[in-house]
Amino acid sequence: MTSLLPALSVLFAVVATAVPWGLPADATFILPLVVVMMVFCWRTIPGAALHPAGAVGLGLLADLMSGGPLGYWALMCLIAATVGRRAGSLKESRQVGLYWLIWTVFVSLLGVLGWLLASLYYFRWIDWWPIAFGAAASVALFPIVLYGLLWVRHGRIGHARDTIFRGAS
Amino acid sequence: MRERGSPLFRRHRPSWNAPVELLSFGLYFLCAVLLVLSRIGHGAINEARNGLVDLSGPMLELASVPAIEARRAMDRAKLYMAAFDEVDRLKKENEELRQWEWRTKLLERKVAQLRSLLNAVEEPALVYATGRVIADARGPFVRSALINLGRKDGLRVGYAVINGDGLVGRTVDAGGSVARVLLLNDLNSRIPVLVGPAGVRGLASGDNSAELQLDFLPAGATLYAGDEVYTSGSDGVLPRGLRVGVVTGSAGAYRVRPYAELNSLDAVSVLFFDAPALARTDPPAAADGMGALSAAPAQEPKAATASAGLPIAAVAPPAGEQAQAER
């Protein structure tokens, strides 16, 4: 069950992206980016395992549910899984702030890539504002999601935080 | 070669792991292929999408219950907070509507007399089914919603979808029990419309924002903010006279603010308007013989009209010809 926890938690988030929350049009990028962020975090957290193929599968599910370009969120999740794995190799530094910084840089680049990819897909310049807003919101939400996933994994935050992130104590 | 100083590269990197690297490459390739197939609208992709949406329908319906209830609770709380103002407003509106009711009755009588003088043909009745939005399939590039009505309910691709306020969009995918509605403000949405009392022709296009663009207006067309926009029916798919919204903006940059609140849809009705052009959007083969008429609910028909339609589209039909499937 523990090994399935990352995939199940991301699946839960994918379903949540499809629920009619009544969010304004500008906020439509936030929930899918939370899914991408969760993939990134699960690949970053030492000991947790979310296979890239699983990340792609969950991204495809998000694509199918959103009715958007098939493969778009799968690609975003795969990139997050790849980068998250690389960022995970920094765990010896154990600085929450560093992970946050990596996510900030990563989501900025991912946003630009996503915007270009979507513009290419539709052969017209897509409105960039919702993407920028979603990316900014995801940066603000990063610690909440990260600690939330740690809580999901360990049942508590304190111990896990102290053992994993030196800078947090 | 000098070792790079960044922590990213300082640690020993794992050596080439062929299966893992190949798998990653394969996954990237798969995503690229899927994007291309999705772009060209490959049939297999659409079938897979419809199949999965159908499968996930019950789960989404269940998952959306808390969100819908929470939204309703918030709406109710807001309503309670502004209850006194709302009562005053409704009283005033009620008085105005009474006057309108009287005027409408006079006009209806006059229209009926003129129609009988002209020996005018009765307009076809609009059959509709009402369902609920079960999933908010809106992404940064897509403005769509999943509803709990499908081909089993007689729904076909291309049908207009309305709510109490006005036109919401049209169906673009239909599974057995779930359908996808492309909302008015989606990037791919194009609705031919008539604007204002003069009925100026135009095209309302979505651009993923809250309002629609108003394009292809005749040169020198004079519009005013607040002019009503309604469907022209010239695409041969949507019925004429469905309320879309009102004109905003100024000359050269006219926009349309939809009547329907597209961000928080709940109950919607699908109009079973079988126009000839539907053969293009949803060929009979795709419908598997489950066309709107063949699958009209077997229950006793009730008299009903489309709530969002202007009189042109919502001619009161003879009671026996009307069927309403409500879920």
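Q: What links B:E69, B:R72 and B:D266?
A: In this predicted model, B:E69, B:R72 and B:D266 belong to a network of salt bridges, a salt bridge being a side-chain nitrogen of Lys or Arg within 4 Å of a carboxyl oxygen of Asp or Glu. Residues are numbered from 1 along each chain as its sequence is written, while chains are lettered from A and ligands numbered from 1 in the order in which they are written. Local features need pLDDT of at least 70 and side-chain atom pairs count only at pLDDT 80 or more, whereas totals for chains, interfaces and linings use all residues, and side-chain values use heavy atoms, leaving out hydrogens and water.

Q: Why is the contact between B:E69 and B:R72 called a salt bridge?
A: The closest N and O atoms of B:E69 and B:R72 are 3.4 Å apart, which is within the 4 Å limit, so the pair qualifies. Side chains of opposite charge can pair when their charged atoms come close. Over all chains, the structure holds ten salt bridges.

Q: How do you know how many helical turns separate B:E69 and B:R72?
A: The two residues are three residues apart in helix α3 (residues 43-81) of chain B, and therefore about one helical turn separates them; helices are DSSP runs of H or I with at least four residues, strands are runs of E with at least two, and both are numbered from the N terminus.

Q: What makes B:E69 and B:R72 count as buried, exposed or partly exposed?
A: Relative accessibility is 39% for B:E69 and 31% for B:R72. Buried means under 20% relative accessible area, exposed over 50% and partly exposed in between (1.4 Å probe, protein chains only), so both residues count as partly exposed.

Q: Which parts of chain B does the salt bridge between B:E211 and B:R255 tie together?
A: The closest N and O atoms of B:E211 and B:R255 are 3.6 Å apart. B:E211 lies in the loop between β7 and β8 and B:R255 in strand β11 (residues 255-258), so the pair ties together parts that are 44 residues apart in sequence.

Q: What makes A:F123 stand out, and how do you know whether it is buried or exposed?
A: A:F123 has a positive phi of about 55° although it is not a glycine, and it lies in the loop between α5 and α6 of chain A. Its relative accessibility is 63%, so A:F123 counts as exposed.

Q: How do you know whether α5(A) and α6(A) are roughly parallel or antiparallel?
A: Helix α5 (residues 96-122) and helix α6 (residues 129-154) of chain A pack at an angle of about 150°, with their axes 10 Å apart. Axes are lines fitted to C-alpha atoms, for helices over the stretch in contact, and angles run from 0 to 180 degrees between N-to-C directions. Angles under 35 degrees count as roughly parallel, over 145 as roughly antiparallel, 65 to 115 as roughly perpendicular and the rest as oblique, so α5(A) and α6(A) are roughly antiparallel to each other.
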